Amino acid sequence: RLIFIGWTSTGALADFFKTAMGGKTPGVVVHAVAADMALTGRAKQLAHPLAPLALALLLGAAATLVAAVFPPVLSSIAGIAMAVGYVGGAGWLLFNWTPGGQGVLLPMVGPLATGVAAWVSATAVEAALFKRDREQIRKQFRARVSPQLVEKLVENPGAVSMTGEQREMTTMFIDLAGFTSLSERLDGPTTVATLNRAMRENTRVLTAENAYVNKFLGDGLMAFWSAFDVEPEQAARACRAALECQRAIGALNFDPSMKGLPPLSARVGIATGTVVVGDCGAPPELNDYTVIGNAVNLASRLESANKQFGTSVLIDGRTRELAGDHPGDYTLRHLGRIVVVGQTTPVSIYEVLPPEADREQIATTHEAVEKFQQGDFVGALTLFHQLEERWGDKKLAAVYRDGVADAADQGDAFDGALRLRAK
């Protein structure tokens, strides 16, 4: 046993030292602790010489992973928690005896400095990449969708699937009727200027209804809804947009610059179905965020079918089902079931009309279509003749006269559907 005798309280400063135990540790206590360490072997030892490098690399890698995986706020919290955890673990190893009786003194400055530097660097890189992605998204989509939708997309870039994602979407094709005749009367620059005005009006209407204007196709365009997330009102929005595009194009005909020129109008085809949306083409050099699927082809065929039916806006049965009835926005007229070129399954089609459309004309059409589908061709032709004479539905009546002739050839195979022969 050893006993050390000395001052622990005195006015003199000669025998007091700054230690981990306090700012004024009596010298006798320092000697006693040193003796205790020598006699018991309970001393502190430095970690392995390679420990500072290994711990610095480990903490740096962990900080980089945290910055890369978590958003900024969570990343900051996780980074602070990691630093506090390291300091706490180092303290535990230092002040809790190991089986060999030795406390281990871990390096502090190196690993913590490396971790902080790695976190700051990774966060800076992440911020730069995020800013770049935001600008790319703005550049790619700001001219094709509404500003509100762009900002929503900027906040959630993951909504854009580059590999393709299946989703039920409403697709629209618009074509300018009469533009070919108009272009024959105008020179090149004037033709382009007129086309740009028409496309600008269409784009304005579509983006206001949250559509994504995908591409311009000569004197037409393609757009779709639910481009980045499911749009519950996509079908109703498409029907409203179709009529508004009609009005916008019609208003251009009253412009003084259009005086004496053939009038313009818009033919619209709309279809809804499960399609694949994503980047197509040759990404990343040349790519197009677009949709591919049967419903897209159907929408294109319905746009063309307007020429045969004498209509302006045609939608398929699924679009009608989702759109529902909105008497204040539009009225729907059932035109029967058709099989478009390139497909084999009959689909129901409806014409989208303004809210003030003639109810008697719509009711007569529904009755005529029903009689045709039931095989009452005489009754159907009588009503279609009435539609032709009273309301001018000449093309619709002609299509069904051809349908009656085809039905006679089909015999028992008649399924109540019209089969279109032209795109």
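Guide: Glutamate 168 is partly exposed, with a relative accessible area of 28%. Partly exposed lies between buried, under 20% relative accessible area, and exposed, over 50% (1.4 Å probe, protein chains only). This is a predicted model, where local features need pLDDT of at least 70, side-chain atom pairs count only at pLDDT 80 or more, and totals for chains, interfaces and linings use all residues. Residues are numbered from 1 along each chain as its sequence is written, and side-chain values use heavy atoms, with hydrogens and water left out.

The partner of glutamate 168 is arginine 318; their side chains form a salt bridge (2.7 Å, N to O). Such a bridge needs a side-chain nitrogen of Lys or Arg within 4 Å of a carboxyl oxygen of Asp or Glu. Glutamate 168 sits in strand E5 (residues 165-177) and arginine 318 in helix H10 (residues 317-323), so the pair ties together parts 150 residues apart in sequence. Helices (H or I, at least four residues) and strands (E, at least two) are DSSP runs, numbered from the N terminus. Arginine 318 is partly exposed too, at 27%.

Now take arginine 267 and glutamate 303. Their closest N and O atoms are 3.5 Å apart, in a salt bridge. This pair links strand E8 to helix H9, 36 residues apart. Arginine 267 counts as buried, at 15% relative accessibility. Glutamate 303 is buried as well, at 10%.

Some bridges join into a network: Glu209, Glu231, Arg237, Arg240 and Asp329 are linked this way. The structure holds 20 salt bridges.
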